[in-house]
Amino acid sequence: VPSLIFKNGFAGSGIVSLYSDNSLRVGVESATNTSHFVISSSADVGIGTSDPTTQVQAAGSPSFQGLVVNKNFPTLVLKSNNGSTYRTSIYNTYGDTVFSNHYASGNLIFNNAGSEVFRLTSTGNIGIGTTTPDARVSIQGSAGVNPFVVASSSGQQLFSILQNGSVGIGSTTIATSSKLAVYGGALDIQAASTTGTVGSELISD
């Protein structure tokens with residue numbers, strides 16, 4: 001393998017090699033000449049790997065230390081070939097992590113297993129289970145899953161909205177004919193008059 005070796009006068013030395021696969025590799029001279037930086041024949045760049053399969057591939061040990069940027073405001077920018085119009089940046093500022101979509105009408109979308117589960121639109125609306133949220137928070141259930149449930153720390157369901165629009169307080173076992181069901185206590189309905197007097201009606205089970 002044709003190589004260029006750099007020696008610093010001490011024990012260490014660096015090596016730049018051109019391999020038979022037309023990749024250019026930079027590393028530390030040793031019995032195996034381990035490559036730490038590689039430019040493949042297809043212009044893919046590998047850091048910590050000698051066989052990059054993407055334009056830039058970084059590998060570390062442990063694996064979660066693959067790519068680290070240390071600056072006052074470290075920033076990762078993802079930009080399409082169309083220039084700066086379609087550009088997303090992730091950066092850290094004084095402990096806060098910021099996701100920024102620089103396209104005016106772009107959305108921030110989270111996928112899982114190839115399907116969308118959550119989005120934040122350019123107008124600030126949040127959609128869960130829907131790609132077209134028409135309110136600040138829009139939740140759309142799916143087959144067998146209720147759209148909204150609030151539970152206690154022990155997992156007891158306190159408040160729920162079912163697929164058919166029925167509301168349950170204290171339970172999700174609601175008769176199909178009921179639009180509002182309260183379990184485990186009384187329903188106290190209060191209304192204030194224009195004079196500030198509060199009227200109350202107690203409905204017990």
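At 32% relative accessibility, Ala135 counts as partly exposed, because this value lies between the limit of under 20% for buried residues and that of over 50% for exposed ones. In this predicted model, Ala135 is placed in the loop between β12 and β13, the latter of which spans residues 137-139. When residues up to four places away in sequence are left aside, Ala135 touches Asn125 and Ile126. The C-alpha atom of Ala135 is separated by 9.9 Å from that of Thr123, a residue 12 positions apart from Ala135 along the chain.

Arg25 has its place in strand β3, which comprises residues 24-28. Arg25 is buried, because its relative accessible area of 14% falls under the 20% limit for that class. Not counting residues up to four places away in sequence, the residues touched by Arg25 are Ile15, Val16, Ser17, Tyr19, Ser35, Phe37, Val38 and Ser50.

Strand β3, in which Arg25 lies, belongs to an open sheet formed by six strands in the order β1-β2-β3-β4-β5-β6, with mixed pairing. The edge strands of this sheet are β1 (residues 3-7) and β6 (residues 56-58), each of which pairs on one side only. On average, and with direction ignored, neighbouring strands of the sheet are turned by 15 degrees against each other. In general, the strands of a sheet pair through backbone hydrogen bonds, and the pairing may be either parallel or antiparallel. The antiparallel sense is found for strand β4 (residues 35-39) and strand β5 (residues 45-47), which pair over three bridges; Ile39 has Val45 in β5 as its bridge partner.

Considered as a whole, the chain contains 19 strands and zero helices. Of its 205 residues, 16% count as buried, Arg25 being one that falls in the buried class. The chain exposes about 14,500 Å², of which carbon and sulfur atoms supply 55%. Among the contacts in the chain with a separation of 6 or more, 1% are accounted for by residues 24 or more positions apart.

Confidence is highest in strand β12 (residues 126-128), with a mean of 94, and lowest in strand β19 (residues 198-203), with a mean of 53.

Methods
Residues numbered from 1 in each chain as written. Predicted model: local features only at pLDDT ≥ 70, side-chain atom pairs only at ≥ 80, totals over all residues. Heavy atoms only, no water. Helix = DSSP H or I, 4+ residues; strand = E, 2+ residues; numbered from the N terminus. Buried < 20%, exposed > 50% of the residue type's maximum accessible area, 1.4 Å probe, protein only. Contact = heavy atoms within 4.5 Å. Areas by Shrake-Rupley, 256 points an atom, 1.4 Å probe, with all protein chains shown as cover. pLDDT = per-residue confidence, 0-100. Pairing = 2+ DSSP bridges. Axes fitted to C-alpha atoms, helices over the stretch in contact; angles between N-to-C directions.
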